[in-house]
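The stops below are to be taken in order.

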Amino acid sequence: MSVIGECIVAFIFGTCVGLLVQRSRFCNTAALRDAMLFSTYRNTKALLMAMIMLTFGFTLFITFGEGKTMHFDVGFNTFAGLFIFGVGMVLAGACTVSTWVKAGEGNFGAVWALIFTFIGMFLFSLVWSVNYWPPAPSSMTGEPNLEALQLGYANAATLQEKFGIPAIFFGLIQMGVLAVIYRAILRKEAIQAGHHKEVAKANQKHSSVTATSSASTE
């Protein structure tokens, strides 16, 4: 495919994804925030379902496909970076994807969040070579190096390569865990719905009693 063709395909794909995200109001941050703070699980269920589908497709592809999987080192720096990224998402009030959507909708705060995202990335690129994880060249070898706080490679093919067990096996285990969490959420929502019905009935009964008492007094 020519470069122009690739650009057209990328534009169509990006437009479709953007439309779906905008209409569904999907947000990774909201998926966790709403569940923990407000006990609402709309985005949480969508996130879990997406993780289940991606886990199945990705591990199936790793097991039987010939894709070139990307290896990346995991260490203390990974956890520190993820924590800082999480703080940034909370401060912005949205994940990166939904921030783009909100900016496209004209949300001024989201535009500022995007601007400072790019500023932060640019500033970090200036000091990356200086503050790059200290012993990076020698410690990021893909093998566990606890002295340098490195845990080795991580991706869906790692366990398959280490133990010879197909990646889909681990994918099915992960899908099972995610499905259990999804089912627990459904049960909690059913309990919440039952509680709301009881409260509504109690309020209706109280209103009827109050109306009857008022009529008797008159």
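Select helix 2 (residues 28-38) and display its buried residues, which pack against helix 3 and helix 4 (76-92). Those buried residues are Thr 29, Ala 30, Ala 31, Asp 34 and Ala 35. Here, buried means under 20% relative accessible area, exposed means over 50%, and partly exposed lies in between, with a 1.4 Å probe and protein chains only. Helices (H or I, at least four residues) and strands (E, at least two) are DSSP runs, numbered from the N terminus.

This is a predicted model, in which local features need pLDDT of at least 70 and side-chain atom pairs count only at pLDDT 80 or more, while totals for chains, interfaces and linings use all residues. Residues are numbered from 1 along each chain as its sequence is written, and side-chain values use heavy atoms, with hydrogens and water left out.

How are helix 2 and helix 3 arranged at their packing? Their axes lie 7 Å apart and form an angle of about 125 degrees. Axes are lines fitted to C-alpha atoms, for helices over the stretch in contact, and angles run from 0 to 180 degrees between N-to-C directions. Helix 2 is therefore oblique to helix 3; angles under 35 degrees count as roughly parallel, over 145 as roughly antiparallel, 65 to 115 as roughly perpendicular and the rest as oblique.

Show the side chains at this contact (heavy atoms within 4.5 Å). Helix 2 contributes Asn 28, Ala 30, Ala 31, Asp 34 and Ala 35, and helix 3 contributes Asn 43, Thr 44 and Leu 47.

Return to helix 3 and select Thr 55. Is Thr 55 buried or exposed? Thr 55 counts as buried because its relative accessibility is 9%. Beyond its neighbours within four places in sequence, Thr 55 is in contact with Gly 171, Gln 174, Met 175 and Leu 178.

Now display the whole protein, which has nine helices and two strands. Of its 218 residues, 21% are buried.

Finally, colour the model by pLDDT, the predictor's confidence in each residue, from 0 to 100. The protein averages 81, and 89% of the residues score at least 70. Where pLDDT is low, the predicted coordinates should not be read in detail.
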